[in-house]
Amino acid sequence: MKVPYLSLNQQWSDIRKEALLLIDEVLTTGKYIEHEIVESLEVELARKLGVKYVVLVNSGTDALMLGLYSLGIKKNDEVITVPNSFIASVAAIQHVGAVPKMVDVGADHLIDVTQIESAITSKTRAIMPVHLEGKVCQMSKIMEIAKRHNLLIIEDVAQAFGSKFSGKMAGSFSDASCFSLHPLKNLNACGDGGFVATNSSEVADRIRALRNHGQAERNSSMEFGFVSRFDSIQAAILHIRLKKLDQVIAQRRENARLYDLAFADSDVITPIVDDEVFHTYHTYSVEIKNRDEVRAKLSKLGIDTRIHYPNLITEQKAFIDKFGSFSEKIPNAIKQKERILSIPIHAHLKNNEVKYVADQLLLA
Ligand SMILES: Cc1ncc(COP(=O)(O)O)c(C=O)c1O
């Protein structure tokens with residue numbers, strides 16, 4: 001049996017008719033960039049997250065970069081984050097001239113909050129918790145630490161739209177929260193996209209200007225900006241997908257429940273989820289021994305898996321060239337990257353496919 005990791009084509013056929021009609025309506029107006037649908041999507045997203053403002057931009061990476069920029073993070077400021085994220089988290093810090101300070105992760109693959117304070121120096125300006133896999137970091141403790149040390153928080157919520165901590169949406173805790181709408185995310189465009197969520201009108205206004213050449217109005221730039229607008233055609237697609245998101249998340253959570261049951265008495269380490277966290281399973285990442293061997297066996301059986309991520313950010317040339325070899329202690333991140341494996345969890349999986357994946361993983 002073939003079990004693909006993704007179901008993008010099925011996801012498109014689910015909305016094809018409705019999406020093509022709306023896309024046609026939007027394109028017929030000729031407003032390819034600033035159609036009103038972009039603004040109404042911002043309002044819908046803000047309502048869903050329980051924040052005052054959402055500003056759409058053209059990727060999650062730009063959301064992080066413009067988020068940091070709009071908070072005033074600048075050259076030589078230090079931003080605390082984790083080494084096991086996607087490269088974009090640190091790329092954004094680097095792009096504004098700041099310096100990433102790495103803190104190890106806990107058994108749940110998220111920032112170990114007990115290690116944050118020892119990474120704070122006189123140059124530290126912000127903490128960037130990364131809500132990896134669809135889980136949410138320990139936000140109450142992070143907020144306490146930030147308050148005590150007068151630090152900003154910028155959440156990387158690229159993988160966790162719809163996830164919650166203590167009943168509150170991920171991305172509603174901080175000064176600026178940054179989301180990705182990349183095709184592989186639970187809420188996904190048919191191309192690149194992202195947005196910043198904030199309760200600050202200054203941050204929202206600044207990003208609105210920065211995404212469009214720094215213009216407050218046409219031909220009047222208040223500062224040099226960027227081109228990071230969100231396309232009208234993608235807003236049309238997102239408008240439809242947002243309505244279906246709760247269903248997508250419910251299905252992913254149900255698949256996760258079946259996997260949890262199947263692996264209960266085995267030595268497969270299933271996702272560790274804090275009681276306060278509502279996990280949306282962007283990935284279902286287990287830890288196993290002999291990961292590469294198991295992965296190769298599954299691949300031969302037609303089961304497609306991924307590793308998020310095989311190389312830590314600190315091990316990649318881009319990081320080493322800029323910040324040098326990393327010698328701090330990150331033993332958990334190092335150990336986990338050899339053992340983690342993301343198995344198919346998409347919303348179109350059938351129960352018999354979940355069972356097949358679980359059975360074959362246990363046999364491998
Ligand atoms: C944790 C994390 N941060 C940032 C990003 C960047 O988002 P994008 O690919 O939309 O630029 C991603 C995307 O993969 C991500 O997983």
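## Around the ligand

The shell around the ligand splits into six nonpolar, nine polar and two charged residues (Ala, Val, Leu, Ile, Met, Phe, Trp, Tyr, Cys and Pro count as nonpolar, Asp, Glu, Lys and Arg as charged, and the others, Gly among them, as polar). This is a predicted model, where local features need pLDDT of at least 70, side-chain atom pairs need pLDDT 80 or more, and totals for chains, interfaces and linings use all residues. Numbering runs from 1 along each chain as its sequence is written, and side-chain values use heavy atoms, with hydrogens and water left out.

Of the 17 residues around the ligand, Gly60, Thr61, Asp156, Ser180 and Lys185 come nearest (near means a heavy atom within 4 Å). Helix α3 gives the most to this shell, with three residues (helices are DSSP runs of H or I, at least four residues, numbered from the N terminus).

## Oxygen partners

Ligand oxygen atoms pair up with protein here: one lies 2.5 Å from a polar side-chain atom of Thr61, and a polar side-chain atom of Ser180 is 2.7 Å from a ligand oxygen.

On its own the ligand exposes 390 Å², and the protein buries 92% of that (Shrake-Rupley, 1.4 Å probe).

## Enclosed space

What lines the largest cavity? Its residues include Asn84, His109, Glu133, Tyr309 and Lys337 (a cavity is a set of points on a 1 Å grid over the protein atoms alone where a 1.4 Å probe fits but cannot get out; lining residues have an atom within 4 Å of a point). Helix α11 (residues 331-337) supplies the largest share of that lining, three residues.

Technical notes: A polar contact is a pair of N or O atoms within 3.5 Å; within protein, one must be able to donate a hydrogen and the other to accept it, and residues adjacent in sequence count only if both atoms are side-chain atoms. Helices (H or I, at least four residues) and strands (E, at least two) are DSSP runs, numbered from the N terminus. On a 1 Å grid over the protein atoms alone, a cavity is a set of points where a 1.4 Å probe fits but cannot get out, and a pocket is an open set with protein on both sides within 12 Å along at least five of seven lines; lining residues have an atom within 4 Å of a point.
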